[in-house]
Amino acid sequence: MVKQWKGLLFQSFNSGSLLVFAFLCAYPFYYIIINSLSDPAESAKGIYFWPQGLTLSSYEQMMQIPTIFQSVFISAARTVVGTIITVFCSAFVGYMVTKKELPFRSTIYRLIIVTMFFSPGLIPWYMLMKTLYLKNNFLLYVLPGAVSAFFIILVKTYIESLPASLEESAQIDGAGVWTIFIKIIFPLSLPIIACIAVFTAVGQWNSWADNFYLVTDSRLNTLQYLLYTNLKSNMADIMRTSASGTTQGAALASAGKVTPMSIRYAITVITVFPIMLLYPFMQKYFVKGIMLGAIKG
Amino acid sequence: MNKKQRINMFLLVLPFIALVVVFNYVPLFGWAYAFVDFNPGVPLLQQEFVGFKYFKLILDGGNDFSIVMRNTLVMSFLGILTSPLPIIFAIMLSEIRNRVVSKWIQTVTSIPNFISWVLVYAIFFSFFSLEDGVVNKLMISLGLIETATNILGSDGYAWFFQLMVSIWKGTGWGAIIYLAAIAGIDPELYNAADVDGAGRFQKIWYITVPSLMPTYFVLLLLSISGMLSNGFEQYYVFQNPLNIDKLEVLDTYIYSIGIGRAEYAFSTAIGIFKSVVSIILLLSVNWLSKAVRKESII
């Protein structure tokens with residue numbers, strides 16, 4: 001009897017605390033969505049459970065931001081183009097390093113893998129990007145990560161686990177490396193390709209530091225960066241040490257243009273939406289990728 | 001395969017090798033910036049050579065370096081201290097019988113890991129800001145506090161707050177790898193323990209925890225070797241003039257002095273220092289791992 005009670009107590013305490021943590025992870029997203037759909041005046045008073053004065057006015061105001069459509073386009077473009085380039089390059093190199101006939105095979109593989117363990121640092125990288133005319137150039141978003149050491153390890157491990165006979169029969173038919181890669185290896189490796197694709201796509205969508213360092217042309221700004229600048233426009237709120245306010249905060253508020261909270265909710269929602277919507281479907285690929293990486297790494 | 005085909009293969013790979021070399025190896029030449037007093041507009045080779053001047057500055061802790069180093073190490077140690085949390089979370093989750101519920105909790109708690117730091121800031125801003133923050137509004141309306149506290153602009157809470165942010169973002173996803181390890185434990189072990197009359201906590205302590213230790217050990221060693229890299233994004237988005245003394249870490253400092261103030265030499269020197277220290281740390285923990293577990297981590 002006592003044992004049963006203890007078990008029940010444990011179960012309720014255990015599920016209870018997990019549900020609290022799950023709530024802390026989920027509620028912020030819900031809160032921002034309902035506030036973005038509410039009347040800004042109501043929202044300022046505090047809305048916690050349900051939208052008040054349902055309206056799309058925050059979204060209409062958001063669309064008044066001159067660069068908003070351009071930013072959505074750039075973010076989408078870097079996600080699509082970047083994913084295609086990275087998947088193609090990493091899969092092809094990953095396949096080539098499995099070929100015993102490739103001259104300098106192990107040297108090439110080591111040359112790539114070693115890049116995971118050191119970093120040239122910000123300034124040398126920044127100077128290089130400037131020298132290559134990648135400053136204010138769309139290619140800066142998609143080229144540097146094209147050949148990724150981690151993805152090459154994943155692909156190599158996966159291809160090595162495939163039966164060699166499939167490839168050999170194609171070679172006898174006289175197919176070249178290229179044809180074998182496109183017609184045989186790529187379709188067979190789709191499970192690992194999907195992992196790489198979701199990792200890259202989420203990474204591309206979320207990136208903003210490269211934008212921040214190297215882009216001064218507002219036509220190339222991403223949605224993440226647009227959100228960042230709009231969030232930081234309200235430094236006055238941060239600068240006040242208490243509700244009474246200091247002159248410092250007031251000065252900042254009058255000097256800079258402050259984005260209303262309602263518009264920020266709206267930008268946050270459209271920035272987070274693709275991830276929230278697709279994550280439940282992508283999760284299994286992330287899990288698989290991290291497992292394969294853990295076994296190898 | 002004949003020689004011509006092999007050369008053809010090499011030529012096919014060459015453009016990709018070129019990409020790797022250009023973006024990863026060519027910038028290493030830029031390390032030369034750390035040894036000169038940089039004058040804009042003058043070619044690198046004609047700059048004034050100053051030897052290890054900027055490395056001495058690092059060792060002396062000059063130009064706020066010692067404060068930045070302190071912040072970096074504090075945040076890394078706090079991170080290492082809380083690194084068992086994903087294990088605890090994974091064990092708790094594995095004790096939930098209902099598969100649908102545990103799957104749902106797992107999905108919901110790992111979403112924060114996949115949003116950008118800008119979004120994380122947007123979320124924490126709407127919860128903790130002075131005027132619009134949920135926490136302040138709620139506590140005032142419930143009469144728990146009289147005046148709002150500016151948590152985001154606070155010097156005193158800064159470290160603790162960033163630790164909370166990291167835990168919120170990383171715990172759910174961090175548990176995934178341990179959940180897989182738990183799923184891989186032989187059920188016979190638990191059955192045998194049941195026969196011996198072991199309770200729930202004894203089974204966790206004597207079976208589950210030891211089987212997770214190898215994974216934990218590898219992750220712990222990797223986080224030790226990455227101790228100087230807290231990352232740029234988290235600390236940069238949460239920085240403001242009121243908390244910068246606590247939140248300026250090496251990765252943000254390299255940016256603010258390098259690109260912000262154009263002190264290329266000192267910034268590059270810190271970058272080199274970071275790279276060298278992490279390689280030394282990585283080799284040492286790898287040696288340690290070989291000695292303790294007879295297994296290399298890299």
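This is a predicted model: local features need pLDDT of at least 70, side-chain atom pairs count only at pLDDT 80 or more; totals for chains, interfaces and linings use all residues.
1. A262(B) belongs to the loop that links α13 (250–260) and α14 (264–293) of chain B. Its phi is near 55°, a positive value in a residue other than glycine.

2. N136(A) is found in the loop between α6 (122–131) and α7 (139–142) of chain A. With a relative accessible area of 30%, N136(A) is partly exposed.

3. On the contact between the chains: 88 residues of chain B and 96 residues of chain A take part. Together the two chains bury about 8,400 Å², and carbon and sulfur atoms account for 77% of that area. F16(B), F23(B) and F114(B) provide 8% of the area that chain B buries against chain A, more than any other three residues. How many salt bridges does the rule find across the interface of chain B and chain A? The count there is zero.

4. The largest nonpolar core has 125 residues. Those touching the most other members are W208(A), F212(A) and Y213(A) from chain A, with I115(B), F238(B) and I270(B) from chain B. Helix α16 (residues 261–296) of chain A is the top contributor to this core, giving 12 residues. Domain 1 (2–55) and domain 2 (65–220 + 260–296) of chain A each put at least three residues into this core.

5. Chain A is assigned two domains: domain 1 (2–55) and domain 2, made of 65–220 + 260–296. Their C-alpha centres lie 35 Å apart. The contact between them uses eight residues from domain 1 and seven residues from domain 2 of chain A. These two domains bury about 630 Å² between them, 85% of it on carbon and sulfur atoms. Zero salt bridges are counted between domain 1 of chain A and domain 2 of chain A.

6. The annotations come from unreviewed UniProt entries. For chain A, UniProt lists "transmembrane region" at residues 12–33, 68–95, 107–126, 138–159, 180–202 and 263–282. In the model, residues 12–33 of chain A are 100% helix and 0% strand, with 30 Å between the end C-alpha atoms. Residues 138–159 of chain A are 68% helix and 0% strand, and their end C-alpha atoms are 32 Å apart.

7. For chain B, the UniProt annotation "domain: ABC transmembrane type-1", from an unreviewed entry, covers residues 69–285. Over residues 69–285 of chain B, the model gives 73% helix and 0% strand. The end C-alpha atoms of that stretch of chain B are 21 Å apart.

Methods:
Residues are numbered from 1 along each chain as its sequence is written. Chains are lettered from A and ligands numbered from 1 in the order in which they are written. Side-chain values use heavy atoms; hydrogens and water are left out. A nonpolar core is a set of buried Ala, Val, Leu, Ile, Met, Phe, Trp, Tyr and Cys residues joined through side-chain atoms within 4.5 Å. Buried means under 20% relative accessible area, exposed over 50%, partly exposed in between (1.4 Å probe, protein chains only). Helices (H or I, at least four residues) and strands (E, at least two) are DSSP runs, numbered from the N terminus. Domain bounds come from an automatic or database domain assignment. UniProt positions are given in the numbering used here, feature names are shortened, and annotations may be inferred rather than shown by experiment. Contact means heavy atoms within 4.5 Å. Buried area is the accessible area (1.4 Å probe) that two parts lose on being put together, summed over both. A salt bridge is a side-chain nitrogen of Lys or Arg within 4 Å of a carboxyl oxygen of Asp or Glu.
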